[in-house]
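Work through these exercises with the coordinates open. Each task is followed by its solution in steps.

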Amino acid sequence: MSRYYRILYAVGFTPWEADSENAAPEFRTLIDRVEGGLERPFGAALDLGCGRGRWSLELAERGWDVTGIDVVPKAVLDARRRAEEAGVAARFVEGSVTALGNADLGTGYRLVVDVECFNHLSDEDRAAVGSGVDAVAEPDAEIVLLVWSRARRGPFPPGATREDVAAAFPGWRIVDELAYQARLPLPLRGINPRWYRLARA
Ligand SMILES: C[S@@+](CC[C@H](N)C(=O)[O-])C[C@H]1O[C@@H](n2cnc3c(N)ncnc32)[C@H](O)[C@@H]1O
């Protein structure tokens, strides 16, 4: 899978970025809910599969101390460059979300976001993400993630059900589930993306 993304970033084909404004309303609704229970400064946020930093930068601008992790070196370099150009402080680390303990991430995260990275992973890799997140997140942390509905789609992401999300994060409970409201282009209409917010059980 990292090969797939290496190629996409190398050729500059990142359609999820073009669609990101469609994803923004529910993302912002859920982050508003997370922030509603906190005082500023909000603390540390971890962006899993951060890509070129689309959501990391938005969180940093909202007042989070953000670290993004991605397995593709070019994505990490682009994210650093974008942050610098935007004058935003955010840290980007190269590594796999399935081995968070091997990356120089530290601990103490109060927010973990995953926008369409979990979406791609096998059940085994998702379980590894879950235990990695358990180890780096604070007891009062929350998770926000966006996944497609589960289906066989050849080389495209298998997506995940609510049960898949719950299984990957057994120490957490789903406190919000929102449907993606934007109208997607025809070939993507069946993917029915959903947003989840989780808190520690
Ligand atoms: C659909 S893109 C979304 C990127 C970003 N979250 C966004 O919304 O702009 C999925 C991202 O997950 C990253 N990714 C896939 N598998 C990964 C892994 N095992 N560890 C870290 N990143 C991974 C890819 O490199 C890619 O940047």
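**Exercise 1. Find which helix gives the most to the lining of the largest pocket.**

Step 1. The answer is α1, with five residues. The model is predicted: local features need pLDDT of at least 70, side-chain atom pairs count only at pLDDT 80 or more, and totals for chains, interfaces and linings use all residues. Residues are numbered from 1 along each chain as its sequence is written, and side-chain values use heavy atoms, with hydrogens and water left out.

Step 2. List the contributing helices. α1 (2-11), α2 (15-18), α3 (20-36) and α4 (54-62) each supply at least two lining residues. Helices here are DSSP runs of H or I, at least four residues, and strands are E runs of at least two, numbered from the N terminus.

Step 3. Take the volume: about 980 Å³ for the largest pocket. Of its 48 lining residues, the closest to the centre are Tyr5, Trp16, Glu116, His120 and Pro157. (On a 1 Å grid over the protein atoms alone, a pocket is an open set of points where a 1.4 Å probe fits, with protein on both sides within 12 Å along at least five of seven lines; lining residues have an atom within 4 Å of a point.)

Step 4. Sort the lining by class. It has 29 nonpolar, ten polar and nine charged residues.

**Exercise 2. Classify the ring pair Phe118 and Phe169.**

Step 1. Search the whole structure: eight aromatic pairs turn up. (Rings of Phe, Tyr and Trp, its six-membered ring, pair if their centres lie within 6.5 Å; planes under 30 degrees apart count as stacked, over 60 as edge-to-face, the rest as tilted.)

Step 2. Apply the geometry. The ring centres of Phe118 and Phe169 are 5.8 Å apart and the planes are at 25 degrees, so the pair is stacked.

Step 3. Phe118 is in the loop between β4 (109-115) and α6 (123-136); Phe169 is in the loop between α7 (162-168) and β6 (172-179), 51 residues apart.

Step 4. Check burial. Both Phe118 and Phe169 are buried (under 20% relative accessible area, 1.4 Å probe, protein chains only).

Step 5. Look over the ring. Arg126 lies over the face of Phe118, at 4.5 Å from the ring centre (CZ of Arg within 6 Å of the centre and within 35 degrees of the ring normal).

**Exercise 3. Describe how α4 is covered.**

Step 1. Eight of the nine residues of α4 are buried, including Trp55 and Leu57.

Step 2. Arg54 lies over the face of Trp55, at 4.0 Å from the ring centre.

Step 3. After α4 comes Gly63, with a positive phi near 110 degrees.

Terms used
Grid points are joined across faces, edges and corners, and a volume is the space filled by probe spheres set on the points. Ala, Val, Leu, Ile, Met, Phe, Trp, Tyr, Cys and Pro count as nonpolar, Asp, Glu, Lys and Arg as charged, and the others, Gly among them, as polar. Buried means under 20% relative accessible area, exposed over 50%, partly exposed in between (1.4 Å probe, protein chains only).
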